[in-house]
Amino acid sequence: MRCIILLLTLSLAAFLGGTRPVAAQQLLFDAEAQDYLATLAQPLLTAAQLDPNTVEFFIVDDPTVNAFVTPQRRVFFHVGLFKRAETPDEIVGVLAHELGHLKAKHYALRTAHADRLNWPTVIGAVVGVGAALAGSGAAANAALATGLAASQSQTLRYSRGQEQQADQIALQLLTSAGYSPLGLGQFFRKLQQDQTLYLRTPPTYLLTHPSPSQRLAFIENYQRAPQRQAIRQLALPQFQRVRAKLLALSQPPSQTLRDFTQRENAIHRYARTIALARQGKRQQAEQALAPLRQAAPHDIFYQELQAQLALDHGDLKPALATFLQLTNQMPEQWLFRLQLAATYLALHN
């Protein structure tokens, strides 16, 4: 589905063929997922005394379990991390750890590399957006993938001491923000299992971070201390919805339709709708989306998906009306403005 290709991922080649692109890594731009990470991070940023306007969140279309930050306060989460996580507390725990690096200014030790880390991604993203809006899917995909690969190849490799300090700060931030520290422990327990399972070829996260066993012991000792009761209860369905959406956007549509057919709940229907849209089956996608719209008529991201379906099939006036409305509702969401721009281009306006 060309609209979703352009507007949700800015990587046309990945969707037109219905398969993953040749490039190993690319940025997956999705307003809902980025908004979800930013919302989870807000209390952590307040606790860390970091300006939320200076921190950006991105999704990497990669199945490996990994997350990292850059000196420019950009936080990157791989889709594989969402797939491996089972609760929102695990996502928050990893977020707190990455923000711990920012809080401790570990990147300041590598300032000599900051410009080289920044510009490949920036140039790649700018070229990719321009190519996508111009209609060149292959060029957009190549530019975005090349920029990200160049940036991530220079990702900061922190020392064991810095990683341990980031863990300590993460636990403090989680407690101060009212989040449960259990999620961070649960995630490290999974990494410990992965370390045993993938002894010869461990996941990326294990290659760039110290052994999880020692870190897990520290976290468990912290959790046993008194007055660690969480006051923020994170909604599991919201996490499951974002997780399902990212899987539907990153894996082949046929796999999504197989994985999300067991239940007739909103999450499974949402994933199936995206898969059908990616296959270019507008009528079936709209039929799957209709009950969701009826149950939640004011859901911004259901409205966005409906507008994308319309735009992709040349139904430009309703698409324009919806994107104008969404831009007014969330003026800070730059992806909505990009969608609106794409609609104006389609109208030759």
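The model is predicted, so local features need pLDDT of at least 70, side-chain atom pairs count only at pLDDT 80 or more, and totals for chains, interfaces and linings use all residues. Residues are numbered from 1 along each chain as its sequence is written, and side-chain values use heavy atoms, with hydrogens and water left out.

The pocket comes first. Rolling a probe the size of a water molecule over the atoms shows where empty space is left. On a 1 Å grid over the protein atoms alone, a pocket is an open set of points with protein on both sides within 12 Å along at least five of seven lines, whereas a cavity is a set where a 1.4 Å probe fits but cannot get out. Lining residues have an atom within 4 Å of a point. Points are joined across faces, edges and corners, and the volume is the space filled by probe spheres set on them. The largest pocket holds about 490 Å³ of space. Its lining consists of 16 residues. Nearest the centre lie Ala38, Pro52, Val55, Phe57 and Glu332.

Helices (H or I, at least four residues) and strands (E, at least two) are DSSP runs, numbered from the N terminus. Helix H3 (31–48), strand S2 (56–60) and helix H18 (334–346) each supply at least two residues of the pocket lining. H3 gives the most, with 5 residues. By type, the lining divides into 8 nonpolar, 4 polar and 4 charged residues. Here Ala, Val, Leu, Ile, Met, Phe, Trp, Tyr, Cys and Pro count as nonpolar, Asp, Glu, Lys and Arg as charged, and the others, Gly among them, as polar.

The core is considered next. A nonpolar core is a set of buried Ala, Val, Leu, Ile, Met, Phe, Trp, Tyr and Cys residues joined through side-chain atoms within 4.5 Å. Buried means under 20% relative accessible area, exposed over 50%, and partly exposed in between (1.4 Å probe, protein chains only). The largest nonpolar core has 83 residues. Leu44, Ile59, Phe77, Phe82, Ile91, Leu95 and Leu99 touch the most other members. H3 provides the largest share of this core, 9 residues. Contact means heavy atoms within 4.5 Å. Leaving out residues up to four places away in sequence, phenylalanine 82 touches Tyr36, Leu37, Ile59, Phe77, Ile91, Phe239, Val242, Arg243 and Leu246.

Charged pairs follow. A salt bridge is a side-chain nitrogen of Lys or Arg within 4 Å of a carboxyl oxygen of Asp or Glu. By this rule the count is 11. Glutamate 32 pairs with arginine 241, with the closest N and O atoms 2.6 Å apart. This pair links distant parts of the chain, 209 residues apart: glutamate 32 sits in helix H3 and arginine 241 in helix H12 (residues 236–250). Glutamate 32 is buried, at 6% relative accessible area. Arginine 241 is buried too, at 15%.

A second salt bridge joins arginine 74 and glutamate 56 (3.4 Å, N to O). Arginine 74 lies in strand S4 (residues 74–78) and glutamate 56 in strand S2, 18 residues apart. Arginine 74 counts as buried because its relative accessible area is 16%. Glutamate 56, at 36%, is partly exposed.

In a third, glutamate 86 meets lysine 190 (2.9 Å, N to O). Glutamate 86 is in the loop between helix H4 (79–84) and helix H5 (88–104), lysine 190 is in helix H9 (residues 182–197), and the two are 104 residues apart. Glutamate 86 is exposed, at 55%, whereas lysine 190 is buried, at 7%. Salt bridges that share partners also join Asp30, Glu32, Arg241, Lys245 and Asp299 into one network.

Glutamate 90 lies in helix H5. Glutamate 90 is buried, with a relative accessible area of 3%. Glutamate 90 and glutamine 186 are 96 residues apart in sequence, yet 6.6 Å apart in space, C-alpha to C-alpha.

Glutamine 168 belongs to helix H8 (residues 160–177) and is partly exposed, at 36% relative accessibility. Threonine 322 is in helix H17 (residues 316–329) and is buried, at 18%.
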